[in-house]
Amino acid sequence: MAANGESMTGENETGDETVSSADHTEVECFTVEVLQLVKEARQQHGLRHGDFQRYRGYCSRRIHRLRKSLHFPQGTKHRVQPKKIQVDNLTDVRFLHLPLFCAERAWFYAMQLKAEANTEPRKRFHMMSRIRKAVAYAEEFQELCKSPKCDARTKLECQGYVVWMKAGLQFESENWASAIEHYTEAKTIYEKLASAFTEELQSVYLQQVEEVTPNIRYCAYNIGDESAISELKQMRRKGGENQFTSHLDDLLSQTREKQAATLSEFPWRGRTVPVKSEPVRLFLLNLQESIKEIESAESTDSKVSIYESLLKQCIDAQQVLRDALQEDANFKSAIRGQPIEGKISNQHYLHTYLTYTRLTKTVERNLLLIESLKNYLPWKQVQEGRKITKPQDLVRLYDIMIQNLSEIPGLPGLEEESSLEEEMEARILGFKAFRSYYIAQSYVGAKKWTEAIALMERCLTYISSSRDSYKKLPKTTAILYKGEMDSLGDVEKLVEGEKYSCHARSILDVNDVADQFSTMSFNSKTPLADRLDQYVNDKSLTSKKPNVTSFPPDFEPIPCRPLFFDLALNNLEFPSLEDKVEQKKAGSGITGMVKGWLWGGGKK
């Protein structure tokens, strides 16, 4: 936002609202960079992390500061007197900020209520009320911007903002035809604005166009365009992990809710489980479709983003089942680590499947991260500016995978699955081999050759054990882990070569130490007795006056003579001296008794 060439887009919470409105009385034309202004405020005050309440509080404080600095209060301490901004009041560009941030506050309060409405459906009515309020403030902002005091850019940005607000209202009301019309209009406005400015300013408008496009496709899908859902999935595969892709995930989840109604039961490991909870159905449907999405994703970041989204949904579905199983005795025993009596319930078995899915999908995600991080290890060519991967980073990921796989055989309902236990054991041994290899690499970097060679030997042992375990598995199961077995073969070849390389380096280091001793400089005035731990070829020792020791020797402090205690004194018996001690004469009569009691006796 700028007024008479002065930019005010950097206004922060301590802000510039304290400027008197008298400084702007001569301004004839106002410019408000609406999209840039609200985008910066959103990013700096909570929406980067999805904290709607923090941003709402910021909007309230900013509105209060604006009213105070513009001397435009809404009454006194004791009475509220609402004032509406008229065109005649536009003596300062900040008057336009009041309805803008009122609309922002109402809109994102509605977004907060929308997130809470998943567990409290009644809040949806309050959400719709706040969206209508936001649209009303946006229309008030638009009426003020129609004033001749605002330039063409402000009017166009204001129009785009209001149309976007109205589209959101129609979207939440499920008026798809009206919503797609408004979204298309907003997209057109922002595309025109992007084409009118330099590349630096274009990015803000183009980003808004990208956010609007999925909504248009979702509305088209609800109207009847079946190809729209495939376009939404394609957008999701191209995206990474940001606010835009989280919005896409919400839209895809809404499209799958209709399909989830047909998923009434789920088979797993020979047992068919009925699915009663709607969030669990939705997650199971997302799980089936995520496999295809991951295969068709173009980059590693996109795949990791899909895994992250899937894991979040899995945790939410687990929480729903956990709440439903509060009265299940076996479930309580499993949480406490106590033995379970009898067969577990269907819902408990479904919770076990979700836990199994969370653990295995975490392993798959970590394998993707490892493959990406391997390209930036210290012994490989890394582009400038790219962070180098330490072997310890990979060790940490392998530790997490080993822990996850170790938990799977002990899940409730899977205790008797011996084939599953053998499968997990084979994978654990393979991951332990990789972990040993990268720990050895960290020791190589520290030039601890003995430890590195021992760990490489341990790595070979794990590879051999893992290979034997994989051979015991059924062929249909072993084929699933062919990639892991091939990776073990590659690591085995590396370890065989690097083990001898470490041995050679350790010998070279010893020679280097010998060379250092040969070139070591020493002080010839130091006597031999003071440098017995150093070997130096000192020719002066074979001369007529060898410097063996200093004479006379220097004085050294020594401890003083210790004290001896006469311990035998306690065991001696001394003769009695009672006959040589004078007997005291006791006082006679009452006077003597009183005198002895008061003064401790008679005369001495």
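This is a predicted model: local features need pLDDT of at least 70, side-chain atom pairs count only at pLDDT 80 or more; totals for chains, interfaces and linings use all residues.
Okay, so, the overall picture to start. We've got 604 residues, and 41% of them count as buried. The chain has 19 helices and 5 strands. If you take the contacts with a separation of 6 or more, 66% of them are between residues 24 or more positions apart. And the accessible surface comes to about 36700 Å², with 52% of that belonging to carbon and sulfur atoms.

Now, the inside. The largest nonpolar core has 65 residues, and L96, M165 and Y183 are the ones with the most contacts inside it. Which elements give it two or more residues? That would be α1, α2, α3, α4, α5, α6 and α7, so you can follow them from 34–44 for α1 up to 199–223 for α7. The largest share comes from α3, at 11 residues.

L569, L572 and F574 make a nonpolar patch on the surface, and together they have about 340 Å² of accessible area. Where's L572? In the loop between α18, which is 482–518, and α19, which is 589–599. And is L572 buried or exposed? It's exposed, because its relative accessible area is 52%, and the cut-off for exposed is over 50%.

That's what I had, happy to go back to any of it on the screen.

Terms used
Residues are numbered from 1 along each chain as its sequence is written. Side-chain values use heavy atoms; hydrogens and water are left out. A nonpolar core is a set of buried Ala, Val, Leu, Ile, Met, Phe, Trp, Tyr and Cys residues joined through side-chain atoms within 4.5 Å. Buried means under 20% relative accessible area, exposed over 50%, partly exposed in between (1.4 Å probe, protein chains only). Helices (H or I, at least four residues) and strands (E, at least two) are DSSP runs, numbered from the N terminus. Patches are made of residues with over 30% relative accessible area and no salt bridge: like charges are joined within 9 Å, nonpolar side chains (Val, Leu, Ile, Met, Phe, Trp, Tyr) within 5 Å. Accessible areas come from the Shrake-Rupley method with a 1.4 Å probe; for residues, only the protein chains shown count as cover. A salt bridge is a side-chain nitrogen of Lys or Arg within 4 Å of a carboxyl oxygen of Asp or Glu. Contact means heavy atoms within 4.5 Å.
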